[in-house]
Structures are given as structure tokens and as C-alpha cells.
Amino acid sequence: MNRADLVDTFAGFPGRLDEAATAAAGRSLPAGEWSPAEVVRHLIAVEREVWQKRLARLATEDDPRWSWVEPGLEPGFEDASIGDTLAAFAAARATTTATIRALDAAGWVRHGTHATYGPLDVAGLLRIAVDHDRHHLESLATKLAD
């Protein structure tokens with residue numbers, strides 16, 4: 001996937017998430033599974049705690065080191081509607097996307113080193129983000145099939 005396609009896929013995820021989470025909301029779930037709202041709260045936390053922080057470190061540090069981080073649920077949305085939670089995710093993703101779109105050629109190739117994945121430039125980070133998004137979208141689709 002080229003740079004433009006990768007950024008467009010990353011940027012377009014909130015729309016796909018909105019459709020899937022809204023369709024799956026209200027369905028009964030097996031014990032221990034996250035609800036659609038909880039999936040979205042997790043994605044907000046990942047956006048803020050992983051992607052935004054890693055991009056910020058890339059801008060200010062040479063070869064930052066990253067450990068594995070898997071945030072839980074973003075606090076403050078316990079009583080929020082699915083629509084409000086989705087809007088918060090879309091706003092967080094828009095912030096991340098704006099940061100990425102503002103990168104010049106030198107910014108695009110800056111890299112850090114992940115404890116599990118090894119060296120990652122911006123494209124590498126985005127590929128992991130897109131895979132993470134896809135995983136959670138598939139989990140919502142599974143909830144629809146049940």
C-alpha cells in the first residue's frame with residue numbers, strides 16, 4: 001500500500017467503525033466480551049496512548065524506544081452513548097491523521113524501535129494501526145453474526 005492509500009485507509013476507519021459499532025450495539029454478548037461501546041473506548045485509548053504518543057516522540061527524539069502497550073478502556077465514557085463515544089474516537093483519529101498528513105518527507109521516514117516489531121517508520125506504525133483497526137472491526141462483525 002502506498003503512502004496515500006495507507007493514510008486514507010487509516011483516516012477512513014471512523015466511518016467503518018461507526019457503521020459496525022452502531023449495528024452491533026444492543027446485541028447480547030457472551031460473558032467477558034467487550035460491548036461495541038467498550039471496543040470504541042479501547043480504540044480511543046489506543047489512539048491517544050499509542051499512536052499519538054509515538055508520533056509525538058518521533059517528532060522530538062532520534063530512534064525512540066517503544067514497549068508493547070495495550071490500553072484498556074478510555075475513562076470518562078462509562079455513561080456516554082455509542083454516538084458520543086464514536087464521535088470522540090473520530091475526533092481523536094482526526095487529530096492523529098492531521099499530524100500524519102502534515103509530515104514532510106523527512107518526517108515520514110523517521111523511525112523508532114518497538115520491543116516486539118523492531119524498527120518502525122511512520123508507514124510501519126500505520127500498518128500496525130490499520131491491522132489493529134481491522135481486528136476490532138472483525139470482532140464487531142462477529143457480534144453481528146451471533
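Biologist: How many bridges join β2 to β3, and do they run parallel or antiparallel?
Modeller: Four bridges, and strands β2 (residues 111-114) and β3 (residues 118-121) run antiparallel. Strands here are DSSP runs of E with at least two residues, helices are H or I runs of at least four, and both are numbered from the N terminus. Two strands pair if DSSP finds at least two bridges between them.

Biologist: Which residue is the bridge partner of His111?
Modeller: Asp121, in β3. The two strands form a hairpin, with three residues between them.

Biologist: Where do these numbers come from?
Modeller: This is a predicted model, where local features need pLDDT of at least 70, side-chain atom pairs count only at pLDDT 80 or more, and totals for chains, interfaces and linings use all residues. Residues are numbered from 1 along each chain as its sequence is written, and side-chain values use heavy atoms, leaving out hydrogens and water.

Biologist: OK, zooming out: in what order do the elements of the chain run?
Modeller: From the N terminus, α-α-β-α-α-β-β-α. That's five helices and three strands.

Biologist: What does the C-alpha trace span?
Modeller: About 45 × 30 × 25 Å along its principal axes.

Biologist: And how much of the chain is buried?
Modeller: Buried residues make up 40% of the 146; buried means under 20% relative accessible area with a 1.4 Å probe, counting protein chains only.

Biologist: What about contacts between residues at least 6 apart in sequence?
Modeller: Of those, 77% join residues at least 24 apart, with contact meaning heavy atoms within 4.5 Å.

Notes:
Buried means under 20% relative accessible area, exposed over 50%, partly exposed in between (1.4 Å probe, protein chains only).
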